[in-house]
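Hello,

Here is the structure I promised to pass on to you. Please have a look at it first, and then read my notes below.

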Amino acid sequence: MQPIYIPHLLKLPQASQSVHFDEMIAAMDTLTPVRGKITVRHGGTFLEVTGQAETIVTLTCDRCTQCYNQRLFVDTKELLWLARPCADPLPSEREVSWDDLSETLPPDGHFDVKNWLYEQLSLAQPLQNRCDKNCQPPSLPESPLTRGVDHRWAALADLKKQLP
């Protein structure tokens with residue numbers, strides 16, 4: 001997936017370009033190639049990016065620590081603002097409004113398709129990795145720590161028993 005030169009989008013029909021892909025992403029450890037389609041449309045002051053992609057990743061369960069395979073599917077749409085050219089250099093200090101806190105791209109730069117896809121797939125990964133709804137943590141051998149009593153507190157527990 002090659003980056004898309006943003007000014008070239010304006011010369012294409014409907015000012016948009018579609019990219020079909022079926023390849024591995026080096027930064028992401030997947031079992032299958034990432035397959036899908038991304039369409040980038042130039043809207044004058046913004047890029048409208050829509051994409052569908054799928055792959056399979058291997059995750060580790062947070063409860064039982066077993067590995068399992070998880071299908072990731074992305075079907076998303078995002079607007080990326082194109083930065084306005086600024087005639088004056090920025091001052092060393094400047095107040096920033098909430099409207100300035102968005103991602104922007106240079107209007108004469110490139111849109112990195114592979115990086116955008118990597119970000120979307122990363123956001124699609126589950127926050128809690130569970131191999132199954134009924135997954136239970138492994139049972140631990142009986143010890144003071146698993147009974148809820150830390151042996152370092154034993155002296156304090158003995159003192160507590162002596163109090164009325």
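What follows is a short tour of the things I found in it.

A word on the ground rules. This is a predicted model, in which local features need pLDDT of at least 70 and side-chain atom pairs count only at pLDDT 80 or more, while totals for chains, interfaces and linings use all residues. Residues are numbered from 1 along each chain as its sequence is written, and side-chain values use heavy atoms, with hydrogens and water left out.

Let me start with helix H2, residues 113-124. (Helices, H or I with at least four residues, and strands, E with at least two, are DSSP runs numbered from the N terminus.) H2 has 12 residues and spans 17 Å from its first C-alpha to its last, close to the 16 Å expected at 1.5 Å a residue; that expected span is 1.5 Å times one less than the number of residues. The buried residues of H2 are Val113, Trp116, Leu117, Gln120 and Leu121. (Buried means under 20% relative accessible area, exposed over 50%, and partly exposed in between, with a 1.4 Å probe and protein chains only.) Seen down the axis of H2, these buried residues fall within an arc of 130 degrees, so they line one face of the helix; the arc is that of the directions from the helix axis to the C-beta atoms. They pack against strands S1 (4-5), S2 (16-23), S3 (34-42), S4 (46-60), S5 (67-82) and S7 (110-111), where contact means heavy atoms within 4.5 Å. At the N-terminal end, Asp112 caps H2, with a side-chain oxygen 3.3 Å from the backbone nitrogen of Lys114.

On to the aromatic rings: the structure holds two aromatic pairs. (Rings of Phe, Tyr and Trp, the last by its six-membered ring, pair if their centres lie within 6.5 Å; planes under 30 degrees apart count as stacked, over 60 as edge-to-face and the rest as tilted.) Phe46 and Trp81 form an edge-to-face pair, 5.9 Å centre to centre with 75 degrees between the planes. Phe46 lies in S4 and Trp81 in S5, so this pair ties together parts that are 35 residues apart in sequence. Phe46 is buried, at 18% relative accessible area, whereas Trp81 is partly exposed, at 40%. Phe111 and Trp116 make a tilted pair, 6.4 Å centre to centre and 55 degrees between the planes, and both residues are buried.

Now the strands, which pair if DSSP finds at least two bridges between them. S2 and S3 run antiparallel over eight bridges, and Gln17 stands opposite Val40 in S3. S3 and S4 also pair in the antiparallel sense over eight bridges, with Gly36 partnered by Ala53 in S4. S3 and S4 form a hairpin with three residues between them, and Gly44 in the turn has a positive phi of about 90 degrees.

Finally, some loop residues. Ala15 has a phi of about 50 degrees but is buried, at 14%. Asn129, in the loop between H2 and helix H3 (154-162), is buried at 14% too. Leaving out residues up to four places away in sequence, Asn129 touches Leu59, Thr60, Cys61, Asp62, Arg63 and Tyr68.

Best wishes

Technical notes. Polar contact = N/O pair within 3.5 Å; in protein donor to acceptor, adjacent residues only side chain to side chain.
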